[in-house]
Amino acid sequence: MTPNDAARVLAKAAAVDQRTVGDADVLAWYEILADLDPQDCLDAVKLHYAE
Amino acid sequence: MARIRSVKPEFWADEDLADLPRDARLLYIGLWNLADEHARLRGDPRYVKGQVFPYDDDLPPAGVEVLLNALVVAKKAVRYRVAGKQYIFLPNLGKHQRLEAEKVPSRLPAPEDADPDEPAPVPGLDAYASAPRADKSAPDPDRSEPHEEDHALLYGSGSMEHEVPPTAAALTRRDDEPATTQALIGEWIEHCRKRPPGPVIGQVSKQVKAMIEEGIDPADVRRGLAAWHVKGIHPSALPSVVNELMNASPTAALARASPRPSTTDLRVNQAIAAGERVQAMLEGRTA
């Protein structure tokens, strides 16, 4: 997981809930998600909003 | 000082105006209010934006300059410069409004006083006579979008610093010359107010090169680059903008005439841009 990957995950969430994403968000989520697979995270976003 | 002006019913039926983007027509009406009894007004796009579109966050001064230039091309406005300051003259205002020029002297210099040594904000009308946009009687079959020249011409319109928008020669040059990645990037940088940061130039170059190598028509890339420049969005969105222009439906073309960026696109672009910044920051820290 890179910061760019974390940003893509947040971008996917932003596309749904219109949240604003800044550098601090990316940095924080990058640390949280660092050990996870980017595709898994993207899938998790999908599942989260599909519920 | 703003003045009351009237809009005649003929305005809506004017075919010359019909070719202009909707925002340009609204701006034209706004300029009537700003013009004095000699049909002159201050011409700095930042001033015009503040007076006519104060609440439109999606329309920066560079966008207003785009619209102003469209009015110049349509021969509805003349932009000129005196002592370094920009002014606008509305040649047709007197035909439709009751102006009392003889009663009130203008505080603004006349177009005839324009400094010959200083370039006008845009080329004079004579220069535009040879521009492709002027020849409405012979439409190019390859151009399905009637306002593409307007959009592309204004590409550089944000350039407040060098304040010499593209000449008519530069405009006609666009589709005639083979466009390499370097040439396209050069044109873009030339029209930026200030030289963009290296990483941004790098990303844009990468996108342009990939599209050229993919076989996308350089003319489409050039138009896309111009439209992207006006939007001010992340370089990663450049291919989408090119695609939007290449494959636009008539409805989409109409929608583009008064662009309202999607909130979702903005949010996503913000997130991607934040990712790029953080990535660059962390890479810089580890390097």
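## Exercises on a two-chain model

R277(B) and D23(A) form a salt bridge in which the closest N and O atoms are 2.7 Å apart; a salt bridge is a side-chain nitrogen of Lys or Arg within 4 Å of a carboxyl oxygen of Asp or Glu. This is a predicted model, in which local features need pLDDT of at least 70 and side-chain atom pairs count only at pLDDT 80 or more, while totals for chains, interfaces and linings use all residues. Residues are numbered from 1 along each chain as its sequence is written, chains are lettered from A in the order in which they are written, and side-chain values use heavy atoms, with hydrogens and water left out.

**Exercise 1.** Describe the interface of chain A and chain B.

*Solution.*
1. Take the residues in contact (heavy atoms within 4.5 Å). Chain A gives 18 residues and chain B gives 15 residues.
2. The size of an interface is often given as the accessible area lost when the parts come together. Here the two chains bury about 1300 Å² between them, 64% of it on carbon and sulfur atoms; buried area is the accessible area (1.4 Å probe) lost on being put together, summed over both parts.
3. Of the area that chain A buries against chain B, 34% is supplied by N4(A), Q18(A) and D23(A), more than by any other three residues.
4. Across the interface there is one salt bridge. Six residue pairs are in polar contact, both residues at pLDDT 80 or more. A polar contact is a pair of N or O atoms within 3.5 Å; within protein, one must be able to donate a hydrogen and the other to accept it, and residues adjacent in sequence count only if both atoms are side-chain atoms.
5. On the side of chain A that touches chain B, the elements giving two or more residues are α1 (3–17) and α2 (23–33) of chain A. Helices (H or I, at least four residues) and strands (E, at least two) are DSSP runs, numbered from the N terminus. The largest share, eight residues, comes from α1(A).

**Exercise 2.** Why is α4(B) called roughly perpendicular to α5(B)?

*Solution.*
1. Helix α4 (residues 45–52) and helix α5 (residues 61–73) of chain B pack at about 95°, with axes 8 Å apart. Axes are lines fitted to C-alpha atoms, for helices over the stretch in contact, and angles run from 0 to 180 degrees between N-to-C directions.
2. Because 65 to 115 degrees counts as roughly perpendicular, α4(B) is roughly perpendicular to α5(B).
3. P45(B), R46(B), V48(B) and K49(B) of α4(B) meet P61(B), V64(B), E65(B) and L68(B) of α5(B).

**Exercise 3.** Where do K75(B) and A83(B) lie?

*Solution.*
1. K75(B) is in the loop between α5 and β2 (78–82) of chain B; its phi is near 65°, a positive value in a residue other than glycine.
2. A83(B) is in the loop between β2 and β3 (85–89) of chain B. A83(B) has a positive phi of about 50°.

Notes. Angles under 35 degrees count as roughly parallel, over 145 as roughly antiparallel, 65 to 115 as roughly perpendicular and the rest as oblique.
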